[in-house]
Amino acid sequence: MSITTKCPAHQGAIPVLDDDPFSPEILEDPLPFQQRLREAGPVVFLSKYNVHAIGRHEELAGSLENWQELNSGSGVGLNEPWRARGLLQMDPPEHDAPREVLQEIMSSRALRALRDTCLSHADRVLNPLLAGKDPGTQVEIDGFGDIGSVLPVNFFPDAAGISDEGRENLVPYADHIFNAAGPHNELYKQGECQAPALAEWATAKCQRDSLKPEGFGADVWAAADRGDITHDFAPLLTRSLLSAGVDTTVYGITGLLYALATNPDQWAALKANPGLARVAFDESLRWISPVQHLFRKAANDVEIGGTVIAAGTRVMLNFAAANRDPRRWEDPDKFDLSRDPSGHLAFGMGVHQCVGQHAARLQAACLLEKLLPLVERIELAAPVRYHHNNALRGWGAVPLRLTLA
Amino acid sequence: MSTHATSLPVDVSSAYRPTVGRPGIQSLRVARKDLLADGVVRLRLEEPNQARVPDWTPGAHIELVLPTSDEGTVSRHYSLCGDRWDAHAYEVAVLNEPNSRGGSRYIHEELAVGDMITVGTPRNNFPLSQAKRFEFIAGGIGITPIMTMIAAAEQLGIDWHLHYGGRTRASMAFLDELAQYGDRVTIWPQDELGHLNLGFLNEMPEDGRVYCCGPEPLLNAVAGAAAAWPTWAVRFERFVAASLDEPVRTEPFELELAVSKKTVTVGTNETVLSALSCAGVPVLASCMEGVCGTCEVGVLKGTPEHRDSLLNDAERAKNDRMFVCVSRAVSDRLVLDL
């Protein structure tokens with residue numbers, strides 16, 4: 001935990017932290033580390049892994065835009081990627097055509113057409129838990145197990161046109177992919193045995209004859225038929241959706257419920273003005289950052305905030321730290337629906353900015369639209385349990401007590 | 001098939017007032033102006049504060065707003081021909097059209113190094129697809145978007161060939177730069193060799209694509225010669241005289257918010273997004289460059305001035321939505337679904 005101010009390997013003074021960001025202690029409560037990172041300097045050296053890290057908003061936003069000098073092509077984790085490269089592990093110009101295809105398929109316009117589908121999914125999640133009970137009744141549920149982990153796992157494959165069989169594999173599949181963004185620690189080793197089978201399952205799901213005739217997957221194949229991408233690439237691009245789109249949304253929605261349950265004044269504000277639903281989700285993403293950090297690799301010597309990062313060095317981009325940077329956000333630790341969370345970095349920024357962000361927002365908006373009229377009060381019923389992951393802020397349980405309206 | 005103007009657009013006049021730092025429109029400095037060939041100059045347009053200019057992809061074009069007279073401006077679209085790794089500047093190559101009604105003549109004769117120039121956000125109607133082989137066909141100044149495609153194909157290690165026709169060798173831009181590619185490039189000056197030989201289109205390689213930019217007769221000849229190819233594998237960028245662009249409006253305009261029953265005035269130097277926020281109707285946004293789509297708002301009445309990189313021409317023409325971080329208004333009033 002000590003901060004020294006001199007590292008002989010670098011020109012000038014660069015703050016050094018000896019924290020292990022992937023240790024169980026920091027994964028359990030990452031905020032103190034993220035604060036140390038942010039306050040140590042604009043660029044910090046993490047001696048445990050010989051990487052640089054950025055935790056301030058201004059430098060992080062600039063780094064995310066700078067695809068020219070901070071590359072994704074050799075992976076966005078601590079180490080080189082262990083699997084075939086998807087959209088997230090590509091640089092321009094390789095990234096251009098598939099990104100364009102997916103951006104069109106996942107556009108806000110395309111997602112708007114799925115609103116009714118999504119609302120009925122939200123109904124199907126909430127009704128068995130809450131419907132038909134008297135006002136004032138108190139219901140205890142698990143915000144993660146009963147809602148957060150259910151809605152995206154039902155909606156997303158439906159929207160993607162993936163068959164029902166094996167849906168329970170989606171979260172474990174992506175869990176390991178995100179663990180692989182960290183070191184080969186216990187978390188990684190636990191998933192290693194299962195990983196090849198899950199990857200094979202996911203790849204099989206993305207073949208043309210396994211997909212339903214309508215959905216994002218079919219749209220990807222249609223783009224191949226139009227000549228925008230090659231047919232060889234279509235399964236890989238479809239698989240990018242599965243690996244990036246499910247766990248992140250599961251934790252995003254669970255985090256939203258946690259934020260509302262632990263901030264009764266903000267729940268009251270949302271009840272009074274349901275028009276704040278979109279702000280509520282993005283503010284919860286800022287506050288929690290479901291994807292905590294990813295990496296880039298310096299293509300050449302890069303100057304950031306007065307520090308030169310040497311060519312070939314990997315750099316941790318800590319979204320979570322930047323999303324609570326007091327230089328950018330007033331009272332950053334407060335979950336506050338009166339703030340404008342625009343410009344948070346939970347979805348990243350620049351050419352790799354989350355292509356599925358409108359799908360995540362749609363699910364959160366539909367959930368709140370259905371939840372708000374049914375529930376008067378929401379509070380924690382017991383301490384929460386986290387699920388450790390090397391890149392995600394994961395949840396294991398969020399016990400909630402809902403007082404019905 | 002794209003229908004924007006690469007080099008020969010018509011005039012779109014409007015009152016001119018310099019615009020500085022307005023999202024969706026940038027004020028860039030002419031850092032270089034080089035004669036590339038007979039009648040062709042290349043402009044290098046730099047961000048004056050060394051900030052990044054918005055990203056672009058091969059085949060993209062930008063709009064230049066040119067003060068061709070004391071009272072008015074014309075809006076012109078030019079394909080980008082520079083290096084994407086150069087994040088602080090754009091480059092365009094412009095042909096001096098003898099029949100020009102102002103744009104190219106202004107650039108050639110009046111625009112000078114050091115001048116500030118108003119530039120729109122890059123858009124791409126001619127994007128490079130994935131493929132295993134590219135046949136690039138350029139006629140005259142149509143070489144500009146192809147230059148960036150060649151750079152991309154080289155980086156990707158994809159097999160390609162350029163067939164480049166022009167009136168005379170002296171009129172053809174980029175011949176020096178193309179020399180490094182050796183026999184991947186076929187130079188075809190009309191005064192020496194006649195019309196471009198398109199016989200190579202008889203063969204259709206697996207996962208091949210044709211990208212063609214040039215004057216109308218060339219495009220028609222290519223469409224005919226590639227008749228056996230699937231239509232999606234042959235992609236054209238046309239020089240079109242009919243530009244749909246509305247004038248760049250600099251006067252304030254009004255927003256009528258249908259749901260919240262408010263009227264908001266948007267001043268010359270503020271965005272719709274900031275005007276909405278000040279009026280107590282904040283809209284969630286993210287990229288602030290018209291790229292991510294977060295700040296989409298429904299338009300019930302009026303004509304937006306679209307400055308985003310998201311909507312295609314057909315979607316723009318519907319005028320039923322806008323991205324308020326960058327887009328503005330052509331009409332005096334917009335009625336928004338807010």
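Trainee: Is A:Ala159 buried or exposed?
Mentor: This is a predicted model, in which local features need pLDDT of at least 70 and side-chain atom pairs count only at pLDDT 80 or more, while totals for chains, interfaces and linings use all residues. Residues are numbered from 1 along each chain as its sequence is written, chains are lettered from A in the order in which they are written, and side-chain values use heavy atoms, without hydrogens and water. A residue is called buried under 20% relative accessible area, exposed over 50% and partly exposed in between, with a 1.4 Å probe and protein chains only. Because its relative accessibility is 7%, A:Ala159 counts as buried.

Trainee: Which residues does A:Ala159 touch, not counting residues up to four places away in sequence?
Mentor: A:Ala159 is found in helix α8 (residues 151-160) of chain A, where a helix is a DSSP run of H or I with at least four residues, a strand is a run of E with at least two, and both are numbered from the N terminus. Contact means heavy atoms within 4.5 Å. With those nearby places in sequence left out, the residues touched by A:Ala159 are A:Leu114, A:Gly215 and A:Phe216.

Trainee: How many salt bridges are there between chain A and chain B?
Mentor: A salt bridge requires a side-chain nitrogen of Lys or Arg within 4 Å of a carboxyl oxygen of Asp or Glu. Between chain A and chain B, the count is five salt bridges.

Trainee: Which helix gives the largest share of the side of chain A that touches chain B?
Mentor: In this interface, 35 residues of chain A are in contact with 37 residues of chain B. Helices α4 (96-105), α5 (108-112), α16 (277-288) and α18 (357-374) of chain A each supply at least two residues of the side that touches chain B. The largest share, six residues, comes from α4(A).

Trainee: How many residues apart are B:Arg333 and B:Glu254?
Mentor: The side chains of B:Arg333 and B:Glu254 meet in a salt bridge, with 2.6 Å from N to O. The pair links distant parts of the chain, since B:Arg333 lies in strand β19 (residues 333-336) of chain B and B:Glu254 in strand β13 (residues 253-257) of chain B. B:Arg333 is partly exposed at 33% relative accessible area, and B:Glu254 is also partly exposed, at 29%.

Trainee: Which residues are linked in a network of salt bridges with B:Glu46?
Mentor: B:Glu46 forms a salt bridge with B:Arg44, the closest N and O atoms being 2.9 Å apart. B:Glu46 is buried, with a relative accessible area of 18%, and B:Arg44 counts as buried at 17%. The residues linked with B:Glu46 in the network are B:Arg29, B:Arg44, B:Asp86 and B:Glu91.

Trainee: How many disulfides are there over all chains?
Mentor: A disulfide is a pair of cysteine sulfur atoms within 2.5 Å. The sulfur of B:Cys278 is 15 Å from the closest cysteine sulfur, in B:Cys295, and therefore too far for a bond. B:Cys295 is in no disulfide either, with the nearest cysteine sulfur, that of B:Cys325, 3.7 Å away. Over all chains, the number of disulfides is zero.
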